[in-house]
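Take them point by point and check each one on the screen.

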Amino acid sequence: MSEQGKVAFVTGASSGIGRATAQAFIRKGYAIAMVDRDEKAGREAEEELRPLGECMFIACDVSQDTAVEAAVAQTVSKWSRMDAAFNGAGIDGEGGMTADHAEAEFDRIVSINLKGVWLCMRHQIRQMLKQGGGTIVNCASTAGLVGTKGMVAYVAAKHGVVGLTKAAALEYARENIRVNAVCPGMINTPMWQRSISDEMTAQLLEGDPIGRLGLPGEIAEAVVWLCGPESSFANGTVMPVDGGFTAQ
Ligand SMILES: NC(=O)c1ccc[n+]([C@@H]2O[C@H](COP(=O)([O-])OP(=O)(O)OC[C@H]3O[C@@H](n4cnc5c(N)ncnc54)[C@H](O)[C@@H]3O)[C@@H](O)[C@H]2O)c1
């Protein structure tokens, strides 16, 4: 089904899962606000997608409320509405065990990965209330469903994203706004390549059910489905897309 005429707001659109999601939305016919703090990569992504449909890069740090408010306003000023939003911007950051995690880094990870999602949601929801509805998908992680050692702030923030998703899903269901989350497993993106060596990847895949990394496009397809009319009864859903990792 084509979603021609609809508008989507995608954070983290300069790279990895967000970039693939912007591409999947535009192929479906959505006009896309591509939101990211990395302006250089964002402009490149915008150039790549332009032949496929309407898109606009907006430089924005999702942990800054006024920047998020302005990004939503810019989107609505251009296209008059916002039907769908994917909150994908995030960082892995410097990990650490509970007793040793650096405090400033804990704050940075939480302010982008958790508070940033809330800031985006609140401005998206304000617009969706005005126009009579919309759909939001937040990017959590398998680290939002189960613990993992050595990255306590990331795990806590991603569990928090699951909580934000469920709470907002209950609050706005009667206002025709659905809020869902995807929980990607190990996905081959620039974030993965920057942080995990080939040797470590091979070790992690040894015990993994599907035995390979996921592709950004495999998350994007789930996001577009959760944002579209085909998933009309899905609300507060927290969907692992992880090759079976959390089924173990
Ligand atoms: N790659 C994985 O294995 C994996 C697994 C589970 C969840 N995730 C989550 O998926 C999302 C996307 O990750 P990815 O692997 O595509 O990473 P990536 O680094 O390739 O892309 C993340 C994008 O977010 C942007 N970003 C970071 N902080 C920002 C901020 N404060 N404001 C605006 N933009 C910001 C970056 O500039 C980048 O373009 C993240 O939320 C990540 O936690 C990734």
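Which helix gives the largest share of the shell around the ligand? It's α6, with four residues. Before the details, some housekeeping: this is a predicted model, where local features need pLDDT of at least 70, side-chain atom pairs count only at pLDDT 80 or more, and totals for chains, interfaces and linings use all residues. Residues are numbered from 1 along each chain as its sequence is written, and side-chain values use heavy atoms, with hydrogens and water left out.

1. **Who surrounds the ligand.** There are 30 residues around the ligand, and the closest are S15, I17, D36, Y154 and T189. A residue is near a molecule or strand here if one of its heavy atoms lies within 4 Å of it. Sorted by class, the shell has 15 nonpolar, nine polar and six charged residues. For that sorting, Ala, Val, Leu, Ile, Met, Phe, Trp, Tyr, Cys and Pro count as nonpolar, Asp, Glu, Lys and Arg as charged, and the others, Gly among them, as polar.

2. Helices (H or I, at least four residues) and strands (E, at least two) are DSSP runs, numbered from the N terminus.

3. Have a look at T189: an N or O atom of its side chain is 2.6 Å from an oxygen atom of the ligand. The side chain of K158 also has an N or O atom 2.9 Å from a ligand oxygen. With I187, a backbone N or O atom is involved, 2.9 Å from an oxygen atom of the ligand. Taken alone, the ligand exposes 820 Å², and the protein buries 95% of that. Those areas come from the Shrake-Rupley method with a 1.4 Å probe; for residues, only the protein chains shown count as cover.

4. **Strand β2, inside the fold.** Is β2 (residues 31-36) buried or exposed? Six of its six residues are buried, so this strand is largely enclosed by the rest of the structure. Buried means under 20% relative accessible area, exposed over 50%, and partly exposed in between (1.4 Å probe, protein chains only). Both faces are covered, with A31, A33 and V35 on one side and I32, M34 and D36 on the other.

5. **The partners of β2.** β1 (residues 7-11) pairs with β2 in the parallel sense over five bridges, and V7 stands opposite A31. Getting from β1 to β2, the chain passes through α1, and this β-α-β crossover is right-handed. That word means that, with the strands pointing away from the viewer, the path from the first strand over the helix to the second runs clockwise. β2 is also joined to β3 (residues 55-59) by five bridges, again parallel, with C55 as the bridge partner of I32. The crossover from β2 through α2 (residues 39-49) to β3 is right-handed. Two strands pair if DSSP finds at least two bridges between them.

6. **Strand β4.** β4 (residues 84-87) has both faces covered too: A84 and F86 on one side and A85 and N87 on the other are all buried. Four bridges join β1 to β4 in parallel, and A85 is the bridge partner of F9. The chain goes from β4 through α4 to β5 in a right-handed crossover.

7. Most residues other than glycine have a negative phi, and most peptide bonds are trans. S80 has a phi near 70°, a positive value, and sits in the loop between α3 (65-79) and β4. At 56% relative accessibility, S80 counts as exposed. N176 has a positive phi of about 70° as well; you'll find N176 in the loop between α5 and β6 (177-184). Its relative accessibility is 52%, so N176 counts as exposed.

Technical notes:
A polar contact is a pair of N or O atoms within 3.5 Å; within protein, one must be able to donate a hydrogen and the other to accept it, and residues adjacent in sequence count only if both atoms are side-chain atoms.
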